[in-house]
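My notes follow the model shown here.

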Amino acid sequence: MAMEETLLVRGGARLMGEVAISGGKNASVAVIPAAILANAPCIIENVPDIDDVAVLIEMLRWLGAKVEFDGRTMSVDPRGINRCDLPYDLVRRMRASYYMIPVLLSRFSQISMALPGGCAIGPRLIDQTVKGWTTLGAKVEQERGELIVTAEKLIGNEVYLDMPSVGATINTMLAAVLAEGNTTIFNAAKEPHIVDLANFLGSMGAWIKGSGTDIIRVRGGRPLRGTTYTIIPDQIETGTLMIAAAATGGDVLITGAIPYHMEALSAKLLEMGVYIREEDDLIQVRGKRPLRAVNIKTQVYPGYPTDLQQPMTALLALAQGTSVVTETIFESRFRYVEELKRMGANIRVIDRVAIVDGVKRLSGARITATDLRGSMALVIAGLIAEGETEVLGTEFLRRGYEHLDTKLCSLGAEVKYLSREMRVLEHAAR
Ligand code: EPU
């Protein structure tokens, strides 16, 4: 019988104590490729030790860059880059792979790369990225599952995005710093990681104004130098731990966070009856029972983040009353709900809306994760369920949450990864 790694969660513990937030995943996966643009090594601090970062390191080394990473600080020396043919096996493992394309255009005039992978959460179109690149003068073709991007040189221009896509904003910004002349991106995404990338590029010598607003202006073509930069704390990890604290009726002090990034979530938790205190980079969350039902609608930043829709739905499964959760960003981001239902949650999904009728208890079960953020809903459910929950599909958790098990255990939860080998031994001992 084939055994895979699982995460074992024993429910019932209240999370208590202090926990520090790791560096942002979605900021890191944009900043690390951007280091290729520099003419000297970059030092990137506060990088999370997660599988997505490991994939990026493999990519950079494949290309010929020198990379060192001690689990927190990364140095990238891009000067040895001598190829641009990234293997499909790496590219398909994450969405952000395509950020490699504009940055490699600084060294090669044609890049062929498989279309990017990422979680199966509905169609993930790239038409706006293609629009950004072609408006700046690149030729983009698609053949046999590959994107072929050709540009002898890029020229600044005005780019109007049909929707504030995170990926398209990042890809256009990366191409714009390379382009000669001025670029304006209208209807840009405003997520914190966009601002972080702009700050990183700025510290390399790029001229970028307006990140964090919906109009970003770039004066391109400047030489970009090596720099030392610290990644922002992870907004989604912060929110997930806030929800976990509230869900378990715990009392947790989250440190090294940016409370300002969390306003949409904090407002909802307050509405549910959770106690929240914010001070500098600290957020204290104290859960109360019972919690009130609330309605959630995911939106682009500063609206409620789609990446926190899943843990919130798990929390609402035990709130008093009926909550309506509406997903407006991705088409199919409720797959994890079937697993919550197996634990006793009363949730109906109609198209992009989940109607959550609060129940009194959830019970532990063996459940399977199908995507990164959905897997976190299952962990939260496991923390509040009676008995033991075993989450399969841990590769998703490992992609995005640094030291998840140790962090939750330090707050008093009983959570552990059971390796394939440990499970085989346990099975044999039965
Ligand atoms: N869209 C288009 N055309 C485009 C681009 C996007 O129609 O050219 C649509 C997509 O199909 C989707 C929506 O617009 O329905 C949002 O897409 P967006 O480009 O904004 O998202 P993304 O860049 O693919 C990033 C994060 C996601 C996060 C979303 C929304 C990274 C690597 N990924 O994805 O994070 O959910 O923004 O905030 O930054 C995760 O971390 O698990 C994750 C999925």
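I located R144 in the loop between β7 (139–143) and β8 (146–150); helices (H or I, at least four residues) and strands (E, at least two) are DSSP runs, numbered from the N terminus. I noted that phi of R144 is near 45°, a positive value in a residue other than glycine. I record that this is a predicted model, in which local features need pLDDT of at least 70 and side-chain atom pairs count only at pLDDT 80 or more, while totals for chains, interfaces and linings use all residues. Residues are numbered from 1 along each chain as its sequence is written, and side-chain values use heavy atoms, with hydrogens and water left out.

I then looked up cis peptide bonds. One runs from R289 to P290, with omega near -5°; P290 lies in the loop between β16 (282–286) and β17 (296–297). Another joins Y301 and P302, with omega about 10°, and I placed P302 in the loop between β17 and α10 (309–316).

Where does the ligand sit? I found the ligand in the largest pocket. A pocket is taken on a 1 Å grid over the protein atoms alone, as an open set of points where a 1.4 Å probe fits, with protein on both sides within 12 Å along at least five of seven lines; a molecule sits in a pocket if more than half of its atoms lie within 2 Å of its grid points.

I listed 23 residues around the ligand, of which Q128, S165, D307, I329 and R373 come nearest (a heavy atom within 4 Å counts as near). The shell divides into 10 nonpolar, 6 polar and 7 charged residues, with Gly counted among the polar ones.

I checked the polar contacts, pairs of N or O atoms within 3.5 Å. An oxygen atom of the ligand is 2.6 Å from a side-chain N or O atom of S165. A backbone N or O atom of Q128 lies 2.7 Å from a ligand oxygen atom, and a polar side-chain atom of K25 lies 3.1 Å from an oxygen atom of the ligand.

Definitions and conventions
Polar contact = N/O pair within 3.5 Å; in protein donor to acceptor, adjacent residues only side chain to side chain. 1 Å grid on protein atoms, 1.4 Å probe; cavity = no way out; pocket = protein on both sides within 12 Å on 5 of 7 lines; lining within 4 Å.
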